[in-house]
Amino acid sequence: MALDDPSLRWLKRVSRDEGPIYLAVVAALEAAIRDGELTPGDRLPPQRTVAAVLGVDFTTVTRAYGAARSRGLVEGTVGRGTFIRGRSAEDEVGLVDLSMNLPPQPEGLSLANLLRDTTRAVLERTDVATLMAYHPDAGSTAQRLAGATWLAPVLGEIATDRLLLAPGAQTALAVTLSTLLKQGAGVICEPLTYPGLIAVARRLGLKLIACPVDDEGFQPDALARRLSEGAAAVYCVPTMQNPTAVTMSLARRREIARIVHHADAWIIEDDPYSRLLEAPPPALAALAPERTIHIATVSKTLTPGLRTAFLAAPAGEVVERLAEGLRATVLMASPLTAAVTTHWIREGVAERILEGVRAAARTRRALAGAILPTAFGMAESLHVWLDLPADRDPATLRELARRRGLALVTADAFAVGQPTRNGVRISLGAAGKAATLETALRSVAALAAAGGERSRTIV
């Protein structure tokens, strides 16, 4: 059989350059699963077929399949064959992901059960034909009321005519930038910023302008100077900044709001993390509501799969233009996930999930603090920032981490221009179990302590 056959294509990844061939087969299998070439439920070819294709003996493939089964990659029964095993919170497959920011499973709750019960309740109370039809508005009254309730701890009381529903914060950010700014406009941001902003700005032809920061965020004098040079907007994550985890004080927020107001520019406030705090500081949108577009996703506080974000803007022309932008770009959010989000907020389920996520985040942050005492982040942070020596090569660090079974993201992924700071953002929520995270963090600590030394190849 040719390697172009879909069931055999992953075997192209088998390397014969080093190590036992059976381990090379397992490594190829892991890589194919990690990259999505093989997905849960896919059936693997018979062992004799693999042996024939690779030109190895049958026992080598038997040993490889056995090792893959021991690692939890595959499962099988006599007579049915061998299949890619599904991943669960109790089963870490492939790399331990320290690169993706998402909330851990909430302590004491089952998201699966909550989602099942909520979906059933939504379908029982709603005409399915109406629910699954087109909804051209950027959020119904009920959805906007839910958004006002969810954002009240950071925005205070807010009129529903200032709120819009979007299918995720990235969509809201892209629509905001394309609606308010012309091609070539300047957007001030932190030197290390959210990669999603970098990607959208590049696509829209916007110029990102890095502003010096300190341990509270933008340096006010530097921000004022850059605004005086004609920048149209300021983008920031003022609470648990991505990636450095810095949080602006209330005094600094007031100063930033005053400076931007004086310059007659826009503030684009990306706020995915504030609700993780028991007592979050007021949003910039609460201090300068006439100049601020506030974007708040539930992906970092409840679950990414809901793909729901709320967008708060000045009432009137601006919010209407943003609504038009959302309609032109995505038409509407998914009705079912928007209904689930609304139900969870209205019935208090969202707050219960949030409490569970906070508790899990505190446990994981405590682990990070004990193992990596110089890492920076608040108690409820989903990520921490670890500074590294200036001469550490990010690419080498990522490769050494990959060999240890870790997916890491380094400063260069967040940099606007040349990185001004060398370090790594460590995400704490993706690992299914705290014990898995602890092992991964100890590996990061060993890599950080190793300096520039290359470690030997790990098989």
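Tutor: We will take a helix pair, then the sheet. This is a predicted model, in which local features need pLDDT of at least 70, side-chain atom pairs count only at pLDDT 80 or more, and totals for chains, interfaces and linings use all residues. Residues are numbered from 1 along each chain as its sequence is written, and side-chain values use heavy atoms, with hydrogens and water left out.

Student: At what angle do helix α9 and helix α10 pack?

Tutor: Two packed helices are described by the angle between their axes and the distance between the axes. Here α9 (residues 220-228) and α10 (residues 250-263) pack at about 15°, their axes 10 Å apart. Axes are lines fitted to C-alpha atoms, for helices over the stretch in contact, and angles run from 0 to 180 degrees between N-to-C directions. Helices (H or I, at least four residues) and strands (E, at least two) are DSSP runs, numbered from the N terminus. The pair is therefore roughly parallel (angles under 35 degrees).

Student: Which residues of α9 and α10 meet?

Tutor: Contact means heavy atoms within 4.5 Å. From α9, Pro220, Leu223, Ala224 and Leu227 meet Arg252, Glu255, Ile256, Ile259, Val260 and Ala263 of α10.

Student: And what is the strand order of the open sheet?

Tutor: Two strands pair if DSSP finds at least two bridges between them. The seven strands run β4-β12-β11-β10-β9-β5-β6, with mixed pairing. β4 (163-166) and β6 (207-210) stand at the edges with a single partner strand each, so one side of each has no neighbour in the sheet.

Student: How do β5 and β9 pair?

Tutor: β5 (residues 186-189) and β9 (residues 233-236) pair in the parallel sense over two bridges; isoleucine 188 has valine 234 in β9 as its bridge partner.

Methods
Angles under 35 degrees count as roughly parallel, over 145 as roughly antiparallel, 65 to 115 as roughly perpendicular and the rest as oblique.
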